[in-house]
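Hi,

Here is the structure I promised to pass on.

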Amino acid sequence: MYVVVFFWGMMLSLVNDKKRISLILFALTILLMAFFRYGVGADYFSYMYLYDRLNINILTEIYSGLDNQEILFRLFGSVMKYVGAPYQVYICIIALINIYFLTKIIKKYSKNPTLSLLLYFSFYYLVWTFSGLRQGITIFVGLYYLLECLQNRREKKFIIIVVFLSLIHVSSIILLLLYYLSKLKFEKKHLVLISIFSLVVAVLPMGKFISTLSWIPFINRVIPYISESSLSVSIFDFQTLGRVLFLFLALLFYDAYSNKDSISKHIINIYIISLIVYFIFKFSELTAARLSIYGKILD
C-alpha cells in the first residue's frame, strides 16, 4: 500500500498544477491513511495506553494526573475523553493538525508542493504523523509560525505560540533559538566554520562531560538518553553521514538559494543551523534528532 501511495505521489508531483489540485489529492490520500490505520507506528499502543490513563475531569488531570507528559498535551487528551472521543478519533485529529500545517507551509514556500509532500511521506511520515504525536504537532505548527514571523515580524505572537507549544513538547523551545539565529547576518564562510566546529564537537566524548552536570534541570532530562555506547561518539554511522551530506549540499548551493529572496535566506540558515545543532548534541542521539528536526524537516 505504501509503495502504491508513493507512486501515486510521484505521478501527482509531475502535474504540479497552479490550482494545487494535485497537492490536495495527495494530502487527502496520506490523511486517509493516517485516519484508518490501526497499530501502525512505533508509539501507537504507547499513546493508546497514555490516553486510557487520562482523567476525564480536566481539573483532576491537572492536579493528579498519572503521567508526566507536558500539561497542555494531557489537557487536550482529557478534553477529548470528556466529549467521548475514542482513541482512533483522538489520533485522527492530531494527524489532521499535522498535515494541515505541513500543507500550508509547502504550499507557500515550495515550487512543487506535491513533490515536497512526497518527500515528507518518504522520510518523515511514519515517524511524525504515525508515532511522535506530541512533537509532530509542535514541529509543524511551530515551523509554520516561525516562517510567518520571519516574513511578517510578528515576534510577540510567535513567542506566545512557542510558549504554548512547549506545554505540548518542551523541545519546541528550540524554535526561539532558530528564529534569533536565523536573523543574524551570517556569511557563508561563517556557517562553514561553525559547521566544522560542530563536527569536531561531535567526535569528542561529550557524554562523559555532560554526565557530570546532572544537577542542572534540563541536563538532567538529557542524561537518561546518553547510552554507554555514546560516551565515545563516531560520525561514521549512517544517520550522521547522511546529515553531513545534506550539510555539504546546503553549503554548496547556499549562495544560489539565499540570493533568491530574504525568506529563502532565512530558510537555508535555519536548515544549516539545525544540522549544526544535531552534531553538537550528537552525544545523545535521541536529543540531537529531536532538537534538529525542527529545521531539518525543511528538506
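This is a predicted model: local features need pLDDT of at least 70, side-chain atom pairs count only at pLDDT 80 or more; totals for chains, interfaces and linings use all residues.

**Aromatic rings**

A pair of aromatic rings is described by the distance of the centres and the angle of the planes. There are 26 aromatic pairs here. Take Phe-121 and Tyr-125: their ring centres are 5.2 Å apart and the planes meet at 45°, so this pair counts as tilted. Stacked would need planes under 30 degrees apart, and edge-to-face over 60.

Phe-158 and Tyr-179 make another tilted pair, because their planes are at 50°, with 5.4 Å between the centres. What I like about this one is where the two partners sit. Phe-158 belongs to helix H10 (residues 155–166) and Tyr-179 to helix H11 (residues 174–182), so the pair links distant parts of the chain, 21 residues apart. Are these two buried or exposed? Phe-158 has a relative accessible area of 1%, so it is buried. Tyr-179, at 2%, is buried too.

There is also a cluster joined up by ring pairs. Its members are Tyr-38, Tyr-44, Phe-45, Tyr-47, Tyr-51, Phe-73, Phe-76, Tyr-87 and Tyr-90.

**Charges over rings**

Tyr-51, one of that cluster, also has a charge over its ring: the charged end of Lys-81 sits there, 5.8 Å from the ring centre. Tyr-278 has a charge over its ring as well, in this case the charged end of Arg-243, at 4.0 Å from the centre.

Helix H17 covers residues 262–280, which makes 19 residues.

Over in helix H15 (residues 238–252) you will find Leu-251. Its relative accessibility is 13%, and since buried means under 20%, Leu-251 counts as buried. Which residues does Leu-251 touch, leaving aside those up to four places away in sequence? They are Lys-188, Leu-191, Val-192, Ser-195 and Ile-272. Leu-191 is 60 residues from Leu-251 along the chain, yet their C-alpha atoms are separated by 8.0 Å.

Happy browsing!

Key
Residues are numbered from 1 along each chain as its sequence is written. Side-chain values use heavy atoms; hydrogens and water are left out. Rings of Phe, Tyr and Trp (its six-membered ring) pair if their centres lie within 6.5 Å; planes under 30 degrees apart count as stacked, over 60 as edge-to-face and the rest as tilted. Helices (H or I, at least four residues) and strands (E, at least two) are DSSP runs, numbered from the N terminus. Buried means under 20% relative accessible area, exposed over 50%, partly exposed in between (1.4 Å probe, protein chains only). A charge sits over a ring if NZ of Lys or CZ of Arg is within 6 Å of the ring centre and within 35 degrees of the ring normal. The expected span of a helix is 1.5 Å times one less than its number of residues. Contact means heavy atoms within 4.5 Å.
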